[in-house]
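Please examine the sequence and the three-dimensional structure shown here.

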Amino acid sequence: MEQYLINHCAPTLASLKTANLFNYSFASEYELEAQLLHLNTLLAVKGVSLTMIRKTADSALIYVYRSRKLALDLANKTASCMLKKLGYTDLSPESAIAHLAERINRTGDFPHEIGLFLGYPPGDVMGYIQNSGKNCKCSGCWKVYCNECEALKTFAKFAKCKEVYKSMFFRKGKTLHQLTIAV
């Protein structure tokens, strides 16, 4: 699972981004639970948590996040207004994640507000919802409806981060713990 974290979550590990999601194929539920326990223990001191959002017979959707950053994102006036309209009554990270997981598991789809849980700008999430995913200014890690220039800089920063983390982990032997920034 460490390789998945490096490949899919480097900006979160580097504290550049609130959260990331990835699908993880597992051989046994015991192995999955053991991996999550180990990584949560290892990364908790750095401010990073992992939780399972959805599980099938052989794969799990893993949400990797920084609780402090998520709390700030969810407290944003635009974000909290959107979430409250969607039935989120408690915007503490743990409760909001549980509500998001329930929505994902009930519908089988990703609700559009998931962008707020991934650190996307609330204006872009709102733009995506209002435009049904069309008419964006540009597209990268997410569809941009507001500040195109800032988003392009962020996309480049995330891409560079992933490149550096992959090199440090796979070629230079740095550990996941070493690469995760404490905040």
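In this predicted model, Lys55 pairs with Glu29 in a salt bridge whose closest N and O atoms are 2.9 Å apart; the term denotes a side-chain nitrogen of Lys or Arg within 4 Å of a carboxyl oxygen of Asp or Glu. Because Lys55 belongs to strand 2 (residues 49–55) and Glu29 to helix 2 (residues 29–44), the pair ties together parts that are 26 residues apart in sequence. Helices (H or I, at least four residues) and strands (E, at least two) are DSSP runs, numbered from the N terminus. Lys55, at 35% relative accessibility, is partly exposed, and Glu29 is likewise partly exposed at 47%; buried means under 20% relative accessible area, exposed over 50%, and partly exposed in between (1.4 Å probe, protein chains only).

The structure holds four salt bridges. Another of them joins the side chains of Glu102 and Arg106, at 2.8 Å from N to O. Both residues lie in helix 5 (residues 93–107), four residues apart, or about one turn of the helix. Glu102 is partly exposed at 37%, whereas Arg106 is exposed at 53%.

Arg103 forms a salt bridge with Glu113, the closest N and O atoms being 2.6 Å apart. Since Arg103 lies in helix 5 and Glu113 in the loop between helix 5 and helix 6 (114–117), this pair ties together parts that are ten residues apart in sequence. Arg103 and Glu113 are both buried.

The largest pocket holds about 340 Å³ of space. A pocket is found on a 1 Å grid over the protein atoms alone, as an open set of points where a 1.4 Å probe fits, with protein on both sides within 12 Å along at least five of seven lines; lining residues have an atom within 4 Å of a point. Of the 21 lining residues, Gly119, Tyr120, Pro121, Pro122 and Trp142 lie nearest the centre of the largest pocket. Helix 8 gives the most to this lining, with four residues. By class, the lining has eleven nonpolar, five polar and five charged residues; Ala, Val, Leu, Ile, Met, Phe, Trp, Tyr, Cys and Pro count as nonpolar, Asp, Glu, Lys and Arg as charged, and the others as polar.

The second largest pocket contains about 240 Å³ of space, and its lining includes His8, Phe110, Tyr120 and Lys162.

Residues are numbered from 1 along each chain as its sequence is written. Local features need pLDDT of at least 70, side-chain atom pairs count only at pLDDT 80 or more, and totals for chains, interfaces and linings use all residues, while side-chain values use heavy atoms, with hydrogens and water left out.

Definitions and conventions: Grid points are joined across faces, edges and corners, and a volume is the space filled by probe spheres set on the points.
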